[in-house]
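Trainee: I would like a close look at one part of this model, the aromatic pairs. Please take me through them in one go.

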Amino acid sequence: INAEYMGALVLATQRAEELTKSIGRRTRVIGWYHSHPHITISPSHVDLRTQGEFQGMDACWIGLIFSVFNSSRNNSNSVHVHAFQSKQQGSSAVAPTVVAGSSIQAKASSTSTHCISFSHLQIPLLIVPASDITTIAERSVVDSNVYSDIVALHRLVWEEERQLYEAHTQTQRGSAQCVFSASVYSKKMAELMQCHVAPMWTQLQTTLANNELRLAELTAEEQELTKLLAKSGAL
């Protein structure tokens with residue numbers, strides 16, 4: 001496994017340990033994910049090799065691929081997700097493994113990488129609402145970590161665009177070229193605001209409104225229970 005993936009795995013494992021301490025429930029890393037912008041969602045031979053290497057450490061390891069920026073004729077975008085495992089050709093059959101309520105099925109295409117051939121095992125993916133598997137306290141901790149990661153990702157994208165802009169302007173001498181680079185940079189920043197920051201802000205506002213509504217309901221319920229206890233003489 002290359003150093004980049006191993007570094008990410010170490011950080012993810014550390015985060016899982018922090019979550020275990022925060023929510024009091026054992027949390028562990030169960031897989032990896034990456035995106036396929038503008039291309040097919042099927043795993044490449046590199047993806048299958050990487051997945052196979054991960055499975056060498058954990059047989060239940062799962063790979064996820066997100067296919068993004070899929071534009072239709074009416075300019076609507078869609079996102080597809082694909083769950084998979086790798087199986088070395090010639091090895092014994094893999095027993096079905098339950099993952100998020102689903103089991104491994106269907107052997108599909110085979111791909112050869114280096115001297116090892118892997119088969120592609122597609123896994124049906126079931127998305128379970130967080131309210132069904134976590135408590136309110138656990139969701140609060142997880143949501144906080146998710147939002148922090150999203151903010152960090154936005155900062156990373158912004159920093160990449162800024163560095164690219166500065167690299168171009170340092171080598172450009174003509175005013176027209178500088179104006180063009182500034183225009184491209186401004187457009188990228190506007191896209192970042194529109195496609196990333198604004199949706200997140202809307203989601204946070206919605207979450208805040210829902211939390212305030214729930215707080216009002218709980219406060220009213222507490223008052224009613226206090227009155228009942230007072231009447232019964234328990235207070």
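Mentor: The model is predicted. The protein chain has four helices and seven strands, and from the N terminus these elements run α-β-α-β-β-β-β-β-β-α-α. Across the whole structure, a search finds six aromatic pairs. One of them joins Phe 54 and Trp 61, which are stacked with 4.9 Å centre to centre and 20° between the planes. Phe 54 and Trp 61 are both buried, in a chain of 235 residues of which 20% count as buried. Ring pairs also link Phe 54 and Trp 61 with Tyr 5 and Trp 32 into a cluster.

Another stacked pair is formed by Tyr 165 and Tyr 185, with 4.6 Å centre to centre and 20° between the planes. Tyr 165 belongs to helix H3 (residues 136-171) and Tyr 185 to helix H4 (residues 175-232), so this pair ties together parts 20 residues apart in sequence. Tyr 165 is partly exposed at a relative accessible area of 25%, while Tyr 185, at 18%, counts as buried; the cut-off for buried is under 20%.

As for the wider setting, residues 24 or more positions apart supply 57% of the chain's contacts with a separation of 6 or more. The chain exposes about 16,500 Å², and 59% of that comes from carbon and sulfur atoms. The structure holds zero disulfides. Cys 60 is partly exposed, with a relative accessible area of 35%, and Cys 178 is also partly exposed, at 26%.

How values were computed:
Residues numbered from 1 in each chain as written. Predicted model: local features only at pLDDT ≥ 70, side-chain atom pairs only at ≥ 80, totals over all residues. Heavy atoms only, no water. Helix = DSSP H or I, 4+ residues; strand = E, 2+ residues; numbered from the N terminus. Buried < 20%, exposed > 50% of the residue type's maximum accessible area, 1.4 Å probe, protein only. Contact = heavy atoms within 4.5 Å. Areas by Shrake-Rupley, 256 points an atom, 1.4 Å probe, with all protein chains shown as cover. Disulfide = S-S within 2.5 Å. Phe/Tyr/Trp six-rings, centres within 6.5 Å; stacked < 30°, edge-to-face > 60°.
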